[in-house]
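Biologist: I have a new model on my screen and need someone to take me through it. Please put it up and start with the terms.

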Amino acid sequence: MAAQQKYKFSDIIADPIINERWEKVRRYFFLRESTYDMSNRCNIRCDGCYYFVGEKQFAEENNSESDWRQLFLSEKERGITFVVLAGAEPSLVPQLCAACYEVIPLGAIATNGLKPIPKEIDYRIHISVWGNDQTSQAIRKAPNMLTRQMANYQGDARAVFVYTFTPFNIDEAREVTEILAAHGHKITFNMFSAPVGYDGSLRHTPQSLAKTRMMMRELLADYPQTVLFSPYNIVAHTNEKGLHDLFSCTYPRMNPSTDIGLGRSFRQYRTDLQWNRDAACCVPDTDCSDCRHYAAGSAVVTARMYRHATDPVTFSAWLDYADTYLAVWVRGYEKGQNLCPAFVNPPPND
Amino acid sequence: MSNDINQTITRIAEIIINELKLEDVTAETFDADLDLVNEVGIDSMDMATVALFLRDEYEIQIDEDDYPKLTTVRIIAQYIDNKRNSNE
């Protein structure tokens, strides 16, 4: 067997195609994120919802625009350059989202898409999809969800539909992607990640992970203009190991260091404008051993650049992941063509 | 030894200035004891970038878990020196 070639990083990025992507991606290394629960109310109630687990759902709502504006000013002062507005349903408090946008202009909002978010709030809008309308009716108890979501965001360049794979909606992803493609929407993929203590049937199994992997691969090949994903995203999110086991999670909840990176700057604010370092991660109350959440991967995989810079193929896979992350989360960032078509194994987590 | 460390400090400062596109400072004037996170404003992705170029330059591996310890150019120089000595 030939000895494995050792590459210098400068040799890897000397390739013109890799270099172009590297320079495109590294311009966004200034992003420093934190997340904010905007309301403790939601207009639907979904099985397995992470928000209505743990203590955060009982935090009081603070609906004072002035208090929120003050918080975002202090967040900006602290160095936060990217906000994620989530839980339970931010579209119910558009005035608070607007207060945030006035202070920190880069961000994303996670919504069920049933109530449109005003166009003036020019963040990425992540619209959650859990299957076709029959499945949504069963799990989310809301009729005609996809139809209503698409109508609310037709022609809206802010919108990205986020399809959460469970063991029971894998085949439906094709139908949903086909519909979204026909209407000119974008879709990316998420994996159901069990909340702490969850004992329902939506938790993935080795079989459902393998089947999801195949479906994602087919959809990425069949709808390259619609699907914001890469082969390495597929590998990272459908592995039998969760993201923490694969990459060592960098969020405060699993990372004791407060010196640099997410461990230093990330906070997850609740609706009462308080935060708790011990619970702080992008999807609080998720069972870390089962976490394959798209939001987690966006930070955790991206942060592990060094270990991926071993050879041009592995680094290209990492660049595809970072390029996908930016296209999904940052308004105005356009996804490039994936550089690495192969399924690359994640580097060892040591 | 002291001369070696000073050369390493200057080279690390050059890499940081070039890769992070810092302005108004040169390798010669860069304060080796400045706190890179609190005073220069670099973060984990910047540190990973610098670590990759240091890996090229000095043929050492820099553990991702060691980033929090690498708070100044002088400390990075000492870290590299220790790594290189342990590799000999």
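Modeller: Helices and strands here are DSSP runs, numbered from the N terminus: a helix is H or I with at least four residues, a strand is E with at least two. This is a predicted model, where local features need pLDDT of at least 70, side-chain atom pairs count only at pLDDT 80 or more, and totals for chains, interfaces and linings use all residues. Residues are numbered from 1 along each chain as its sequence is written, while chains are lettered from A and ligands numbered from 1 in the order in which they are written.

Biologist: How many helices and strands in chain A?

Modeller: Chain A has 14 helices and seven strands. Its radius of gyration (taken over C-alpha atoms) is 19 Å, close to the 20 Å from the globule rule for 350 residues, so chain A is as compact as a globular protein of that length. The globule rule is 2.2 Å times the number of residues to the power 0.38. The C-alpha atoms of chain A fill a box of roughly 65 × 45 × 40 Å along the principal axes.

Biologist: What about chain B, how many helices and strands there?

Modeller: Chain B has four helices and zero strands. The radius of gyration of chain B is 12 Å, close to the 12 Å that the globule rule gives for 88 residues, so chain B too is as compact as a globular protein of that length. Its C-alpha atoms fill a box of roughly 35 × 30 × 20 Å along the principal axes.

Biologist: What share of each chain counts as buried?

Modeller: In chain A, 50% of the 350 residues count as buried; in chain B, 32% of the 88 residues do. A residue is buried with 20 or more other C-beta atoms within 10 Å of its own, exposed with 12 or fewer, and partly exposed in between, the C-beta atoms being placed from the backbone.

Biologist: Where do the chains meet, and how many residues are in contact?

Modeller: 15 residues of chain A are in contact with 15 residues of chain B. Contact is when the C-beta atoms of two residues, placed from the backbone, lie within 7 Å. On the chain A side, helix H1 (9-12) and helix H13 (305-308) are the elements that give two or more residues, and H13(A) gives the most, with three.

Biologist: What classes are those chain A residues?

Modeller: They divide into seven nonpolar, three polar and five charged. Nonpolar covers Ala, Val, Leu, Ile, Met, Phe, Trp, Tyr, Cys and Pro; charged covers Asp, Glu, Lys and Arg; the others, Gly among them, are polar.

Biologist: New topic. Which residues touch the most other members of the largest nonpolar core?

Modeller: That core has 122 residues, and A:Leu85, A:Cys97, A:Cys100, A:Tyr163, A:Ala296 and B:Ile12 touch the most other members. A nonpolar core is a set of buried Ala, Val, Leu, Ile, Met, Phe, Trp, Tyr and Cys residues joined through C-beta atoms within 7 Å. Leaving out residues up to four places away in sequence, A:Tyr163 touches A:Val129, A:Ala173, A:Val176, A:Ile187, A:Phe189 and A:Asn190.

Biologist: And A:Ile121, buried or exposed?

Modeller: A:Ile121 is buried, with 20 other C-beta atoms within 10 Å. It sits in the loop between strand E3 (107-111) and strand E4 (124-129) of chain A. Apart from neighbours within four places in sequence, A:Ile121 is in contact with A:Pro94, A:Cys97, A:Ala98 and A:Tyr101.

Biologist: At what angle do H5 and H6 of chain A pack?

Modeller: Helix H5 (residues 133-140) and helix H6 (residues 145-152) of chain A pack at about 105°, with axes 8 Å apart. Axes are lines fitted to C-alpha atoms, for helices over the stretch in contact, and angles run from 0 to 180 degrees between N-to-C directions. That makes H5(A) roughly perpendicular to H6(A), a label for angles of 65 to 115 degrees (under 35 is roughly parallel, over 145 roughly antiparallel, the rest oblique). A:Asp133, A:Ser136 and A:Arg140 in H5(A) meet A:Met145, A:Leu146 and A:Thr147 in H6(A).
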